[in-house]
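Q: I would like a close look at one part of this model, followed by a look at how other parts are arranged.

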Amino acid sequence: MPRKPPRARIFVTQPVSEHALKRLRAAASVKVFPDASRIIPKPTLIAAVRKADVLFCLLHDSIDRAVVEANPNLRLIAAQSITPSNIDVEAATARRIPVTVTAPVTTEATADLNFGLMIAVARRMIEGDRMARAGKFPGGQSAHLLGASVWGKTIGLIGGGGLIGKAVARRAHGFSMRVLYWTPRRKPEHEEREAGLTYAPLDELLRQSDFVSIHSPLNKETRHQLGARELGLMKNTAFLINAARGAIVDEAALVRALTRKQIAGAGLDVFEHEPRVDKTLRKMANVVLTPHLGSATPEVREEMAGIVVDNILAFLAGHKLPNCVNPQVFAL
């Protein structure tokens, strides 16, 4: 009898949905880095890639040229992220390795977190939590932790014409907020009307907003889109919220603005040098920090992992890849 071809070897960089892993194991040999509490160390990742045909990676994994070139027989990089921002797609393409991503399924979960950060930093909820846990209770009408109102204020969405920006706008309308937005290309009037968005030039948005929320994609044009000049235009009572990508904000300039009280505070789910979080930010009481939790709900992660598995199984079966970012590899 002819021998069966060897099963494809898949390496997964952190634990993901058990249902997704079960589907993979039915079609391939699967190994998973077992520690969900930390990003896989680069030497461990490279060693694992050398023994894999398919790499199943997560958003926080840095799939640079060293990783891509670690195994000349690597056949596919399947990312559980909407964009391949941490993958050297050029290096993968040069080696004819397709790279796949997921559909934009994180919209509502990310908007929830974005709005949660805004309320938490404005109402000083983390400070209050720490005080209560320490057994301190200044009184139900004490002025000790006076915060800022959210209801009826103005929120400015930078890059806010996309799915997540519009989802945040829907939540803001529930708080009777005035919603400004800016994008390099203004949306059609009917789209603005349907989403309840008011267009404002970027500088004017920064001057008028009580909360400035980042929603731009990260690319060469948007890196450090908000720097010292832009932060200097904000009110000293305003808060910056970022659950998009850390490098859109010049983090050093943000630290200076917060230290000098040029702005009132910040709610940050993303950081310029992830996984490292600036030590000064970590010490600031007027900054709420979360470790990139935008998509961290069971429903969203289940859906994302399922899409990655769909991509991998399509590839193994020789079918067209549904979410490939470099389809030109198949013509090389």
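Which residues does D250 touch, not counting residues up to four places away in sequence?

A: In this predicted model, D250 touches H224, L226, G227 and E272, once residues up to four places away in sequence are left out. D250 itself sits in the loop between strand 10 (239-242) and helix 11 (251-259). Although D250 is buried, it has no salt bridge; R256, the nearest side chain of opposite charge, is 4.9 Å away, whereas a salt bridge requires a side-chain nitrogen of Lys or Arg within 4 Å of a carboxyl oxygen of Asp or Glu.

Another aspartate, D112, is placed in helix 5 (residues 107-122), and D112 counts as partly exposed because its relative accessibility is 46%. Between D112 and V168 there are 7.6 Å in space, C-alpha to C-alpha, while the two are 56 residues apart in sequence.

Turning to the strands, five of them form an open sheet with parallel pairing, in the order 2-1-3-4-5. Strand 2 (29-32) and strand 5 (99-100) stand at its edges, and each has a single partner strand, so one side of each is left without a neighbour in the sheet. Within this order, strand 3 (residues 54-58) runs parallel to strand 4 (residues 76-80) and is joined to it by five bridges; F56 has A78 as its bridge partner in strand 4. Helix 1 (residues 18-25) lies across strand 1 (9-12), strand 2 and strand 3, and runs at about 145° to strand 2.

Key: Residues numbered from 1 in each chain as written. Predicted model: local features only at pLDDT ≥ 70, side-chain atom pairs only at ≥ 80, totals over all residues. Heavy atoms only, no water. Helix = DSSP H or I, 4+ residues; strand = E, 2+ residues; numbered from the N terminus. Buried < 20%, exposed > 50% of the residue type's maximum accessible area, 1.4 Å probe, protein only. Pairing = 2+ DSSP bridges. Contact = heavy atoms within 4.5 Å. Axes fitted to C-alpha atoms, helices over the stretch in contact; angles between N-to-C directions. Lys, Arg positive; Asp, Glu negative; His and termini not counted.
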